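Please look through the structure below before reading the briefing.

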Amino acid sequence: AIGGMPSFTVPATGTITADITLAANNGTSRLTTGNYVSAGTSNYSVNLAVGRGSKFPVAATIIAGPNILVPFDVGTYQGGFYALQGSFDLGTAIVPKVGDTYTVTVTYSDNTTENISVSVNGVLGSAAAPINLTAAPASGSTTPTFSWTAPLSPPAGTYTYGVWVGGPTGTVWYYPNMPSSQLSVAYNVDGTGTALVGGLAYFWTVGVTDANGNSSGTGVPYFP
């Protein structure tokens, strides 16, 4: 993840259609790209998730692929369907390309292994990120409403929005799966977040996620 914000693609906002079934249905993998736009500059990341099938994955290591130092371990067990999740940042100088392919060694709980290939299926540029981020009131409230304008060039097909809010201790609220028609949300509308504290500095980000899990987002500070 870039700038302290979580990748909007793990978990993905909306239904993901680009899963790759591993050999003999041993498991499932998903490769997506993320883009965090700051001051007009894109910062890209590549995100890999490996999930269960007829077997349970306990380790995954990228052993070959562009723009990454290998071997690269893909996180540790995090529960849920996609048991292993990890990402690596490409920074501002490297843009992932559709077709970039990575070879991953997956180890299962029965001590068997297999090598799989996963490829980039989409990249969202800075024009795909929401714009005109505003909060009402602009400051001084522990229950602000966050608003934004649709991207200048939104993804083709179905896409969703997700809002992330971070503070001094990390994530305080994450609200994904908003339809493309929704352009605002009240903080902690679902009751899952942590109360904002006056006098502390926070940062809120809104991102777009396409039907394949690729994302582009941007963010601004907020002071309750």
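**Nonpolar cores**

The largest nonpolar core has 21 residues, and those with the most contacts inside it are Phe146, Trp148, Val163, Val165 and Trp204. The elements that each give two or more residues to this core are strand 9 (131–136), strand 10 (145–149), strand 11 (159–167), strand 12 (170–179) and strand 14 (202–210). This is a predicted model, in which local features need pLDDT of at least 70 and side-chain atom pairs count only at pLDDT 80 or more, while totals for chains, interfaces and linings use all residues. Residues are numbered from 1 along each chain as its sequence is written, and side-chain values use heavy atoms, with hydrogens and water left out.

- Another core, of 19 residues, lies apart from the largest one; among its residues are Leu84, Tyr102, Val106 and Tyr108.
- A nonpolar core is a set of buried Ala, Val, Leu, Ile, Met, Phe, Trp, Tyr and Cys residues joined through side-chain atoms within 4.5 Å.
- Buried means under 20% relative accessible area, exposed means over 50%, and partly exposed is in between (1.4 Å probe, protein chains only).
- Strands (E, at least two residues) and helices (H or I, at least four) are DSSP runs, numbered from the N terminus.
- In soluble globular proteins, nonpolar side chains tend to be buried together.

**Aromatic pairs**

- The whole structure contains 8 aromatic pairs.
- Rings of Phe, Tyr and Trp (its six-membered ring) pair if their centres lie within 6.5 Å; planes under 30 degrees apart count as stacked, over 60 as edge-to-face and the rest as tilted.
- The ring centres of Tyr159 and Tyr161 are 5.8 Å apart and the planes stand at 85°, so this pair is edge-to-face.
- Tyr159 is buried at 12% relative accessible area, and Tyr161 is buried at 0%.
- Trp173 and Tyr175 form a stacked pair, with 5.2 Å from centre to centre and 15° between the planes.
- Trp173 is buried, because its relative accessible area is 1%, whereas Tyr175 is partly exposed at 23%.
- Phe72, Phe88 and Tyr102 are linked into a cluster by ring pairs.

**Salt bridge**

- The structure holds 1 salt bridge, a term that requires a side-chain nitrogen of Lys or Arg within 4 Å of a carboxyl oxygen of Asp or Glu.
- Lys55 forms a salt bridge with Asp110, and the closest N and O atoms are 3.2 Å apart.
- The pair links distant parts of the chain, 55 residues apart: Lys55 is in the loop between strand 3 (41–52) and strand 4 (57–64), and Asp110 is in the loop between strand 7 (101–108) and strand 8 (113–119).
- Lys55 is partly exposed at 24% relative accessible area, and Asp110 is partly exposed at 40%.

**Around Ala201**

- Ala201 lies in the loop between strand 13 (184–186) and strand 14, and is partly exposed at 42% relative accessible area.
- Ala201 and Phe223 are 22 residues apart in sequence and 5.1 Å apart in space, C-alpha to C-alpha.
- Leaving out residues up to four places away in sequence, Ala201 touches Gly167, Pro168, Tyr222 and Phe223 (contact means heavy atoms within 4.5 Å).

- An open sheet is formed by 3 strands in the order 9-10-13, with antiparallel pairing; two strands pair if DSSP finds at least two bridges between them.
- Strand 9 and strand 13 stand at the edges with a single partner strand each, so one side of each has no neighbour in the sheet.
- Strand 10 and strand 13 run antiparallel and are joined by 3 bridges; the bridge partner of Phe146 in strand 13 is Val185.
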